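Here is a short report for a reader new to this structure. Please look over the sequence and the model before reading on.

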Amino acid sequence: MSRYRGPRLRIIRRLGKAVVLPGLTTKTSIKEQPPGKPRSSDNKGQKATEYGIRLTEKQKLKYNYGLTEKQLFRYVKEARRRKGVTGLILLQLLEMRLDTLCFTLGFGKSIAQARQLVNHGHITVNKKVISIPSFQCRLNDVISVKEKSTSKNLVTNNVKMNHRNGIPSNLEFNDAKLEATVLDYCDRDDVQLQLNELLVVEYYSRR
């Protein structure tokens, strides 16, 4: 299945109005009913199943980071292979993607916009242009903007327009140079997405 490219607020309504997916969109929908449900229908009496709860958490992760089902399952398998807490390792792998790091630094207002910057060759890693959004950055990698006026102006304007909540402690950012160094893997508290990653691991436990 390919990456979702449809209306983003439709996803917010489907997962629940209280769900916040900072990597997908910062907008909120004025409609309260999930898509495809008439206004007269009442879902308050319906109780979510155990499978439904785990599916919702998995969908949050998938849509927030803009992944396909195949990509997400690949990250889960890699997280299982490594030593440590599988849920935290899964989030760290996703947060070390180049497009996610560009979003965290404020280069784009969403992960989709940050992915576009990478695709168009505006971002460099260790002074080399990387046009692969899923590129897995490593410790001590230096992420910067291409030495070109159009790239510099584009990212500078994006940083000014985007209201960052602060750069995580695992990243060292130089505003003047538009350059960041990956110091360490992120902590759980640094991840903006609110979800129970353990339920995502349980969802894939039978695969």
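Is Asn140 buried or exposed? Asn140 is exposed, because its relative accessible area is 57%, and the cut-off for exposed is over 50%. Keep in mind that this is a predicted model.

**The whole chain**

Start with the overall picture. The protein chain holds eight helices and five strands. Read from the N terminus, the order is α-α-α-α-α-α-β-β-β-α-β-β-α. The chain has 207 residues, and 45% of them count as buried. Its accessible surface is about 12,300 Å². Carbon and sulfur atoms account for 50% of that surface. Now take the contacts between residues at least 6 apart in sequence: 57% of these join residues at least 24 apart.

**Two helices that meet**

Two packed helices are described by the angle between their axes and the distance between the axes. Helix H3 covers residues 69-81, and helix H4 covers residues 86-95. Their axes come within 8 Å and cross at roughly 125 degrees. H3 and H4 are therefore oblique to each other. The crossing of H3 past H4 is right-handed. On the H3 side, the contact is made by Tyr75, Val76, Glu78, Ala79 and Arg80. On the H4 side, Thr86, Ile89, Leu90, Leu93 and Leu94 take part. Seven of the residues in this contact are nonpolar, one is polar and two are charged.

**A glutamine in H4**

Helix H4 also holds Gln92. Is Gln92 buried or exposed? Gln92 counts as buried because its relative accessibility is 17%, and the cut-off for buried is under 20%. Which residues does Gln92 touch, leaving aside neighbours within four places in sequence? Gln92 is in contact with Tyr185 and Cys186.

**Two asparagines in loops**

Return now to Asn140, together with Asn126. Asn126 lies in the loop between strand E1 (123-125) and strand E2 (128-129). Asn140 sits in the loop between E2 and strand E3 (142-145). Asn126 has a positive phi, though this residue is not a glycine. Asn140 is not a glycine either, and its phi is also positive. The table sets out their values.

| Residue | Phi | Relative accessible area |
|---|---|---|
| Asn126 | near 55 degrees | 38%, partly exposed |
| Asn140 | about 75 degrees | 57%, exposed |

Key:
Residues are numbered from 1 along each chain as its sequence is written. This is a predicted model: local features need pLDDT of at least 70, side-chain atom pairs count only at pLDDT 80 or more; totals for chains, interfaces and linings use all residues. Side-chain values use heavy atoms; hydrogens and water are left out. Helices (H or I, at least four residues) and strands (E, at least two) are DSSP runs, numbered from the N terminus. Buried means under 20% relative accessible area, exposed over 50%, partly exposed in between (1.4 Å probe, protein chains only). Contact means heavy atoms within 4.5 Å. Accessible areas come from the Shrake-Rupley method with a 1.4 Å probe; for residues, only the protein chains shown count as cover. Axes are lines fitted to C-alpha atoms, for helices over the stretch in contact, and angles run from 0 to 180 degrees between N-to-C directions. Angles under 35 degrees count as roughly parallel, over 145 as roughly antiparallel, 65 to 115 as roughly perpendicular and the rest as oblique. A crossing is left-handed if the near helix is turned anticlockwise from the far one by less than a right angle, and right-handed if clockwise. Ala, Val, Leu, Ile, Met, Phe, Trp, Tyr, Cys and Pro count as nonpolar, Asp, Glu, Lys and Arg as charged, and the others, Gly among them, as polar.
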